[in-house]
Amino acid sequence: MRSTRRAASTVVLACLLLTSCKSVSLGTSTSSESRSPAAGASGPAAPAGAGRAIAVGAGPQKHYTVQQQPAAGSCHFRYKNGEPLEDPKCTPGAISPAVTQANLKSTICRKGGYTSAIRPSAYVTGKEKRLNAASYGFTGRMGDAEYDHLISLQLGGDPNDYRNLWVEPADPGHRSGSGVNNKKDPVETKLHTAVCKGQITLAAAQKAIVTDWTTALATLHLG
């Protein structure tokens, strides 16, 4: 009888220990999963192919607020054939959940325009532009630099996610003081036209822009 009782006690003790260990393990996991995301980050990620994903932002808002920007000096421009490109670590791009392949006709492809109704005010973007200029260490004329949506609004880019906005310097040969004028804008317009004509998908256009806007048209065989 004593040996039987001892065996039973051992089994009960082992079960209690196992239960305790399991409880501690679950508690640690929950704590890790409930940590706050990085400042400005929001939403899940949408597939972008080749193992990369494009973040999904908050989408159009009735009232926009100034978004926190990357730390000063933490971002660095890249240049390809003299053309400025964003730092993919600071500005990886973000898309709007309000624009999908299924609703193109009622959003970015609708007559009468779409972007003007969802664009943040100059009051908000003006402050963000100055902060982002510090992030990139930009010291040129602010009037010659565009506070650019990496994935443009006409391609379903998020309106005010910090991951989708950067201070884009002027193109090579740009005359100082002549205002914003860069070669990225026509690329975005051609991609928008191709998406609305059904020549390429929205996702393909978005991926081409975040990969390298200077090669986006060639990559998608749009000339």
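Lys-80 comes out as partly exposed, with a relative accessibility of 33% (buried is under 20% relative accessible area, exposed over 50%, partly exposed in between, with a 1.4 Å probe and protein chains only). This is a predicted model, where local features need pLDDT of at least 70 and side-chain atom pairs count only at pLDDT 80 or more, while totals for chains, interfaces and linings use all residues. Residues are numbered from 1 along each chain as its sequence is written, and side-chain values use heavy atoms, with hydrogens and water left out.

**Lys-80 and Asp-212**
- Lys-80 pairs up with Asp-212 in a salt bridge, with 2.7 Å between the closest N and O atoms (the term means a side-chain nitrogen of Lys or Arg within 4 Å of a carboxyl oxygen of Asp or Glu).
- Lys-80 sits in strand S3 (residues 78-80) and Asp-212 in the loop between helix H5 (202-211) and helix H6 (216-219), so the bridge ties together parts 132 residues apart in sequence (helices, H or I of at least four residues, and strands, E of at least two, are DSSP runs numbered from the N terminus).
- Asp-212 is buried, at 9% relative accessible area.

**Glu-83 and Lys-183**
- Glu-83 and Lys-183 also form a salt bridge, at 3.8 Å from N to O.
- Glu-83 belongs to strand S4 (residues 83-85) and Lys-183 to the loop between strand S7 (165-168) and helix H4 (184-196), which makes this a link between distant parts of the chain, 100 residues apart.
- Glu-83 is buried at 8%, whereas Lys-183 is exposed at 54%.

**Other salt bridges**
- Asp-144 bridges to Arg-141, with the closest N and O atoms 3.5 Å apart, and Asp-144 is buried at 8% relative accessibility.
- The whole structure has seven salt bridges.
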